[in-house]
Amino acid sequence: MTTSLSRDLGTTGPLVDGTWLQTTSAGRQDHINPATARANGTVLLAGPQEVDAAVAAANRAFPEWRGTSPDQRRRILQRVEELMLERVPELGRLGTLELGVPFRTSAALAHLSAGWFGYYAGWADKIEGATIPPSPRMAPGLDYTVPEPYGVVGVILTWNGPIMSVGMKIAPALAAGNCVVVKAPDLAPFTVARFAEIALEAGLPPGVLHVLPGGPEAGERLVRHPDVAKISFTGGIPTAKKILDAARHTLKPVLLELGGKTANIVFPDADLDEAVAETVRSCFTLSGQGCNLTTRMLVHREAYDRVVTATAEAAAALRVGDPFDQATALGPVIGKAAHERILGLIERGAKDSRVITGGHATDPSTLPPDNRDGYFIDPTVLADVDPHSEVAQHEVFGPVLTLIPFATEDEGVELANSTPYGLGTALHTHDVSRVQRVVPRLQSGTVLVNGASGQPPGAPFGGYKQSGHGREGGKEGLYEFLQTKNVFIRA
């Protein structure tokens with residue numbers, strides 16, 4: 001596997017049993033830089049044959065990795081964190097080249113990812129069970145629990161922020177003593193491959209971690225494989241349904257982190273400037289291509305007109321362009337198909353709402369020459385949106401923010417809960433009593449009150465409803481990769 005700090009990504013392919021394969025059964029494809037629409041790398045694609053080889057090697061490696069002392073696993077994960085932090089600029093640059101994400105954002109994501117390795121390194125030697133109190137109605141003896149790893153875990157990453165999922169999924173799985181086979185996204189395999197090189201350099205034994213860039217065929221084989229004990233998936237609901245259908249053949253558990261339609265409920269007593277700034281910052285991060293970005297703004301009618309004006313001004317001020325320019329706030333969307341899909345959705349949404357800024361592809365004449373063929377869309381804000389419309393109910397995965405007014409606290413809560421998703425909700429108010437009333441009624445895995453703090457490694461992350469089940473991050477994220485054995489020794 002080769003990478004470069006130039007604008008050429010080179011070639012990447014599967015890592016199986018510590019070796020980078022030079023040929024694969026599924027062929028190769030060009031990697032297209034979404035900021036230029038030109039090929040900037042080559043991906044050797046894994047198919048079922050490579051999946052079988054990786055799972056077999058992981059099974060062979062599992063007894064030794066499971067038997068590795070917890071303090072040794074801790075030291076390896078700590079070293080992974082150290083090396084990732086040293087190479088944040090390189091990881092950020094790779095992320096920008098493959099995704100078009102502004103460099104400052106992709107570097108920040110790499111830095112965050114490293115934090116999960118440090119956090120779960122701290123858990124590696126602290127995994128413990130419990131002693132069960134004796135019952136007078138049962139035979140005397142010692143009853144206790146032992147948390148144990150699953151064995152081989154399959155991880156399926158999405159393309160929009162794979163370095164984040166590397167930290168949230170791979171770090172706890174390794175800390176728990178599992179071996180991991182990763183199906184890397186074919187649209188964004190280079191950063192994941194570079195991480196795997198770092199992990200090997202940090203001392204992770206060959207065979208413990210495998211990386212397979214590939215498409216649906218590789219993913220389906222990984223899910224159906226009888227020797228894969230659990231699947232962790234981040235992505236969209238349609239793919240999740242296919243994964244659940246495939247997993248039923250072996251009845252294996254599946255952790256799902258799926259889409260979102262996060263709303264910010266803004267009350268008139270809030271700091272409106274701060275509420276607008278937080279919403280605009282969140283919505284247009286990654287050009288709107290994120291699961292828990294704030295893509296709906298529900299605003300009390302008393303503050304609605306002021307918020308509409310301020311939001312239009314804030315979004316229009318965001319700079320779209322070269323993702324390596326430090327002044328750029330929005331890079332391109334991932335590719336041609338996404339570009340056409342998002343513009344079509346905006347066009348349909350504009351029929352029953354007001355476009356107060358954006359609403360179209362970025363004028364190529366405003367872009368640097370190298371970026372004029374890229375897949376750029378201006379940050380778009382739609383006001384007076386029908387809360388039951390397509391653009392209000394479904395995940396856009398593009399730079400589109402919808403504004404919807406409400407009249408009462410109950411209506412605001414009802415609108416926030418009205419989509420099939422339940423990943424996150426934001427709330428802006430200075431009324432503490434209102435916070436205490438509203439938060440318990442919100443159907444989402446995360447609630448942010450008056451601003452966000454990022455994603456601390458110790459905080460659990462996951463959704464309600466169709467946003468998935470299971471948790472990543474924190475102690476809950478560690479125990480997703482452990483199963484509990486009960487042991488009784490009769491006296």
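**Note on a predicted protein model**

1. The protein carries 44 positive and 53 negative side chains, and the centres of these two sets lie 5 Å apart. Lys and Arg are counted as positive and Asp and Glu as negative, while His and the chain ends are left out of the count. Each charge is placed at one atom: NZ of Lys, CZ of Arg, CG of Asp or CD of Glu.

2. This is a predicted model, in which local features need pLDDT of at least 70, side-chain atom pairs count only at pLDDT 80 or more, and totals for chains, interfaces and linings use all residues. Residues are numbered from 1 along each chain as its sequence is written, and side-chain values use heavy atoms, without hydrogens and water.

3. Confidence comes next. The average pLDDT (the predictor's confidence in each residue, from 0 to 100) is 96 for the protein, and 99% of the residues score at least 70. Over residues 1-6, however, pLDDT stays under 50, and the model has 21 contacts for this stretch beyond four places in sequence. A contact here means heavy atoms within 4.5 Å. Where pLDDT is low, the predicted coordinates should not be read in detail.

4. What is the radius of gyration of the protein, and what would a compact globule have? The protein has 23 Å, which agrees with the value near 23 Å that a compact globule of 491 residues would have. The radius is taken over C-alpha atoms, and the globule rule is 2.2 Å times the number of residues to the power 0.38. Along the principal axes, the C-alpha atoms fill a box of roughly 70 × 60 × 40 Å.

5. The protein has 15 helices and 21 strands. These are DSSP runs numbered from the N terminus: helices are H or I with at least four residues, and strands are E with at least two. Of the contacts between residues at least 6 apart in sequence, 74% join residues at least 24 apart.

6. Of the 491 residues, 56% count as buried. Buried means under 20% relative accessible area, exposed means over 50%, and partly exposed lies in between (1.4 Å probe, protein chains only). The accessible surface of the protein comes to about 19,400 Å², and carbon and sulfur atoms account for 52% of that surface. Such areas come from the Shrake-Rupley method with a 1.4 Å probe, and for residues only the protein chains shown count as cover.

7. A173 is in helix 5 (residues 162-175) and is buried because its relative accessible area is 0%. Leaving out residues up to four places away in sequence, A173 touches N178, V180 and F481. The C-alpha atoms of A173 and Y479 are 9.0 Å apart, although 306 residues separate them along the chain.

8. V438 belongs to helix 14 (residues 432-438) and counts as buried at 0% relative accessibility. Its contacts, apart from neighbours within four places in sequence, are with E409, V413 and L427. V438 and G474 are 36 residues apart along the chain, and their C-alpha atoms are separated by 25 Å.

9. Is E278 buried or exposed? E278 sits in helix 9 (residues 272-284) and counts as buried because its relative accessibility is 16%. Beyond four places in sequence, E278 touches H428, G451 and A452.

10. A loop residue can also be buried: G398 lies in the loop between helix 12 (390-393) and strand 17 (400-406), with a relative accessible area of 1%. G398 touches S287, G288, Q289 and I342, not counting residues up to four places away in sequence.

11. D17, in the loop between strand 2 (15-16) and strand 3 (19-20), has phi near 55°, a positive value in a residue other than glycine. L251, in the loop between helix 8 (237-247) and strand 12 (254-257), also has phi near 55°, again positive in a residue other than glycine. D17 counts as partly exposed at 35% relative accessibility, whereas L251 is exposed at 74%.

12. Finally, D363 lies in the loop between strand 15 (354-357) and strand 16 (380-383) and counts as partly exposed because its relative accessibility is 40%. D363 and D378 are 15 residues apart in sequence and 8.5 Å apart in space, C-alpha to C-alpha.
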